[in-house]
Amino acid sequence: MSMESIWQAALAEIKTWARANSPWAVHFNSGSCNGCDIEILATLTPRYDLERFGIKMQGSPRHADILICTGPVTRQARERLRRIYEQMPAPKYVIAVGSCAISGGAFYDCYNVEGGIDRVIPVDVYVPGCPPRPEAIIDGMVKLLQQIQEGKRAEGDVSPQLQEAQTP
Amino acid sequence: MSTESALQTATQLTAAWAKATTTPEANRVDISVAPSDLHSAVAALHGAHWGYLAAITGLDSPTTNEIELLYHFCQDAAVFTLRVSVPRDDAAVPTICDVMPSASLFEREVMEMFGAKIIGTPDTARLVLPDDWEEGVYPLRKDFVPTPDAQATKV
Amino acid sequence: MHTHAEVEKFVVPIGPQHPALKEPGHFEFTVDGEMVTHASVRLGYVHRGIEKATEQRTWVQDLYLLERICGICSHTHATAFVLGVEKLAGIPAPPRAQAIRVLVAEMERIHSHLLWLGVAAHEAGFDTLFMYTWRDRETIMDLLEGLTGNRVNYSANVLGGVKFDVDAEQADSIRRGLDFLQERTEHYLEVIRRDEMFLRRTRGIGVMTQAEADEFGVVGPTARASGVARDIRIQAPYAAYDAYPVNLVVEHAGDLEARFIVRVRELLESYRLIRAILDALPEGELSKKLPRRIKSGETISRVEAPRGELFYFIQSGGGDKPTRVKVRTPTLCNLASVLTLVIGHQLADVPMILVGVDPCFSCNDRAVVLKSERDEKVWAWEQLRQYGIDFYRKGKA
């Protein structure tokens, strides 16, 4: 093994450790009823305290590793969602929180509703529920972090729904 | 003032323009007015400080080919509704925003959902439909049939 | 001093926001230096086409749909709907069910007001208060979960009654939870009345006179903070509110401080009301069966959501699906007032004035945009909020 590849391997390990241990997250609501959003917000409060996992919620996608997204994606929100995703630097991960974010939920057949976040951007973790409890949301995040740590997260995995949606 | 007497007062205030009067529920009186009399009826209620404008409901009636707009005024438990019917292809009513500026958001909603034309309303921008929604498509009309992704373009 | 040519507008797009500001939406503010001179609103980011969807679903399915208009006032929406349908069908729910409906409604009001208090504190940069209120709010969330099975979207209502009962043990845990919350709430009342930093951002700011509140058609605590005695629970009692009357909570200053005080005092009133219900729950069944097809007719159902009057117009053609369900949420009424209120205020006060009406965006939709004539300056809501906090910290007020 050459010096360079050892050095690269070490660097990769450090990067993985850093990403998994202090990810910065950004939250976006693509048209949800707020039920999921208030439970996400609750994870920041003393009883659940998401920050003890090293996850920091902040406001800008340009500094974010993880996008936590709720809502069934209304037509008006769709472009914003895509823009936010594009503004995030690689590697980036997406957590879809709530039934609406997974499939459109109760609004699956409504006009103006795209019907699930993975129709617009790739999703890494789905947290089902209407809304999911804060513990479930944390569980989803921790699972993602574990997978990042174990190097199981290949970036840019495109879900079948998104592939289908992207085919002209 | 009891609900009954409140409703009586409202009925009297607008008697000049009431084409028909009904009592759909114990605490409600509905009167039908012509579009040209809507403004006067609203001004009469507003001038006497009768209640507040709680909502404007739109109804689509394909069988009679009409759009009906309901202006709901509430005073305590009493609900007094002015009903205006207009033809679907020319659903024009005058604005009431000069009398009640707070009606603007309600008028905007009914314009984009039913295709009502509210003449003289100060703000005609869309309220809830997306910017790229097709012109001339009114979702709450009965002939609009939503299908999943009906109006959503592919990624 | 700014000349005419220097009028600037700032662009604040919808976009990533701090989770505390739950939803995206679209306001447009024209600013002349520090002063707001014009405001308008463009909604649409949460528009899901629900009213249309109700026409394609049965009465029962619609109950589950309408509950999800808003996660914060879900029970209020469901209650307005079932009360209307029961009126159309001519089959009122039994007294015990109505009492339980009111019980859950008041518990929802508590969670909503505590949630709002935390969010409002966060807007002012008072994050400690945000953490405390949300920690205390977990008490009511636990009680709601113990009673209904879910923390959010309780689904307590069925057409004709409620799904579950309250037993003596649950009643006791509710009472104990309320005792704790009462103590905490009295402390919060002191904080908002005494804390200097807070008062600088709320006292005398965003004043709406009684006449203006009447004119703008505002509802709920926003109206009551300006002396307008508007509370559907009192003016047009529904469900069991005639059996358990509510004491009106009203303030007269009409400023942001009054809006805070009204909601905190309403919390205390809700605690009293819940105790009154638990002490005198009527016996009887929990629900009556409603037919699949509901008689033809039109009905109007008005209930007092935490944010104000929720207005439902329901029309049945005699079938198993409604022909029209119109939902007018309280925030739509109160938004118009915000647009007028902010004029003449500083940009730094905008976040607080907006949060003062307790806007529920999924009930409505919202965003903030400030446009620049000379150039496009892009601000996130987070920046606007931080701007307000820094403005007051540096003593520029």
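1. Two residues are in contact when their C-beta atoms, placed from the backbone, lie within 7 Å. In chain A, 82% of the contacts with a separation of 6 or more are between residues 24 or more positions apart. The model is predicted: local features need pLDDT of at least 70, side-chain atom pairs count only at pLDDT 80 or more, and totals for chains, interfaces and linings use all residues. Residues are numbered from 1 along each chain as its sequence is written, while chains are lettered from A and ligands numbered from 1 in the order in which they are written.

2. Chain A holds 6 helices and 5 strands; helices (H or I, at least four residues) and strands (E, at least two) are DSSP runs, numbered from the N terminus. Their order along the sequence is α-β-α-β-β-α-β-α-β-α-α. Of the 168 residues in chain A, 54% are buried, a term that requires 20 or more other C-beta atoms within 10 Å of the residue's own; 12 or fewer makes a residue exposed, and anything in between partly exposed.

3. The contact between chains A and C takes 38 residues from chain A and 37 residues from chain C. On the chain A side, strand S1 (24–29), helix H2 (35–42) and helix H3 (75–87) each supply at least two residues. H2(A) gives the largest share, 7 residues. By class, this side has 21 nonpolar, 12 polar and 5 charged residues, where Ala, Val, Leu, Ile, Met, Phe, Trp, Tyr, Cys and Pro count as nonpolar, Asp, Glu, Lys and Arg as charged, and the others, Gly among them, as polar.

4. Helix H4 (residues 95–123) of chain C has 29 residues, which at 1.5 Å a residue should span 42 Å; its end C-alpha atoms are 41 Å apart, in agreement. The expected span is 1.5 Å times one less than the number of residues. Of the 29 residues of H4(C), 28 are buried. Just after this helix, Gly125(C) takes a positive phi of about 85°.

5. Tyr392(C) belongs to helix H14 (residues 381–393) of chain C. Between Tyr392(C) and Arg224(C) there are 168 residues in sequence and 27 Å in space, C-alpha to C-alpha.
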